[in-house]
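Please open the model in your viewer and keep a selection tool at hand.

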Amino acid sequence: MPEIPYHVAGGSFASRRPEPLELHHAPPFPASSLAATPLSSRRRKLWEIPHKFHCPVIGSCFQASELRSLMNKVMHLPRDTSDFVLHTTAVGTCETRTRLAEVLHKTLEKRFHLTIKRYAAAKCAEEVRENWQRAVQNGAEIPAALWAAWTHPACDALLEQEIYGDIHMIQHQVGSGTRTDLKTLQAVREENTELRQLIERVRREAEAARHEKALETRLLGERIVELRAEQTGRDACIANLSAQLGALRDSLPRLKERQTLARRADDAEARATALTAQCRNQQLEIERLQIKLRNAEQPTSTDSSDNADNSAVPPGNERLDGKCVLCVGGRAGAVEAYRDTVERHGGRFLHHDGGLEESLHRIDGVLAAADLVICQTGCISHNAYWRVKEQCKRTGKPCVYVRGSGVSAFGRALGNFGTPADSDSLIDESIVDNNSH
């Protein structure tokens with residue numbers, strides 16, 4: 001038995017023998033006599049309410065930790081004192097006016113002063129009952145309503161018994177609800193454990209992804225630095241080459257004029273080649289005419305003159321007679337075949353690619369040097385086509401327009417210059433239109 005009296009709701013187990021417990025719950029006197037109990041006009045103190053009400057008041061209005069703190073102010077308690085011993089000691093002490101009862105009373109009055117003020121408006125037991133039942137239905141402020149109702153001046157014995165029964169059942173319901181809440185709490189804890197494990201797994205995955213992204217970002221940053229270094233090197237190289245180009249341009253004064261002169265030299269060379277061929281043709285024509293003149297002066301020697309005439313013109317030279325043939329366009333791989341075809345017919349060959357790689361300014365010189373023009377329309381630009389057509393019309397130079405770029409098509413075009421009369425004149429406009437694109 002501890003030094004602190006072991007109190008219970010019905011009394012104390014200190015040194016005296018406990019009285020026999022009442023087994024019947026019926027009140028010892030009828031309810032009519034309880035309602036007729038005279039009431040005072042002031043609110044009752046904690047030690048003035050019936051002793052059996054102290055247990056619900058202490059149990060409902062104070063937490064165990066708070067009760068321990070308040071009791072330590074007025075008495076010495078061992079550290080290993082259980083909550084049950086604290087509760088029964090406080091209940092037994094409140095039976096009379098003691099220091100602990102006064103401390104507990106002041107604490108309750110201060111804590112529930114708003115509810116006490118609201119209950120003070122009730123003038124009779126019925127109004128107090130209505131306030132209490134409203135608090136029970138709402139399930140809120142039951143400790144405050146319990147204290148305000150039991151200490152109210154209008155609370156009679158009958159209302160006290162009703163409140164006692166209600167709070168007794170509420171405590172049972174709270175206990176049952178507590179057990180249910182404990183089961184729910186256990187399920188929530190298990191779910192919380194699973195969720196924590198899931199969160200931890202997700203956190204690890206997120207951390208791994210973050211490390212992976214950080215590594216990828218670092219590699220990309222290094223790659224960006226390398227690309228910037230390469231770009232800086234290229235910029236430096238471009239600047240160096242630009243400086244060298246500027247230096248070369250400065251070292252070659254009047255470069256554009258020199259390029260123009262080079263083009264003119266090429267054109268002059270082409271014209272000189274054409275003039276040389278023309279001179280040779282004229283020389284051959286003079287020799288032929290001289291032979292005819294000698295044959296005319298010696299009519300008896302006709303056969304010998306014919307043989308001399310035939311020997312003056314080599315075989316295969318009957319059609320071109322050393323004329324300069326210009327091919328505009330055509331396939332690059334067939335240029336040598338074009339050249340062989342022209343030379344087999346006794347002519348000289350010139351070529352211009354029609355502005356694909358060579359400059360169009362050079363075409364004027366080769367057109368001036370040419371005697372015959374074969375324009376392959378499918379392999380030249382539009383500007384070259386119209387330039388060739390316009391200059392040939394202006395100078396009266398024979399020109400044949402061919403769609404295909406084959407050697408056979410080139411040979412057929414060369415056959416349009418079949419007679420000297422045809423080769424010395426510009427072809428008809430109908431032929432030009434039929435062969436142009």
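How many residues does helix α5 have, and how far does α5 reach from its first C-alpha to its last? Select residues 99–111: helix α5 has 13 residues and reaches 18 Å between those two atoms, close to the 18 Å expected at 1.5 Å a residue, where the expected span is 1.5 Å times one less than the number of residues. Helices (H or I, at least four residues) and strands (E, at least two) are DSSP runs, numbered from the N terminus.

Before going further, note that this is a predicted model, in which local features need pLDDT of at least 70 and side-chain atom pairs count only at pLDDT 80 or more, while totals for chains, interfaces and linings use all residues. Residues are numbered from 1 along each chain as its sequence is written, and side-chain values use heavy atoms, with hydrogens and water left out.

Within α5, highlight Leu100, Ala101, Leu104, His105, Thr107 and Leu108, which are buried (under 20% relative accessible area, with exposed meaning over 50% and partly exposed in between, for a 1.4 Å probe and protein chains only). Looking down the axis of α5, you find these buried residues within an arc of 165 degrees, so they line one face of the helix; the arc is that of the directions from the helix axis to the C-beta atoms. On the other side of α5, Arg99, Lys106 and Lys110 are exposed.

Now move to the open sheet of four strands, whose order is β4-β3-β5-β6 with parallel pairing (two strands pair if DSSP finds at least two bridges between them). β4 (348–352) and β6 (399–402) stand at the edges, each with a single partner strand, so one side of each is left without a neighbour in the sheet.
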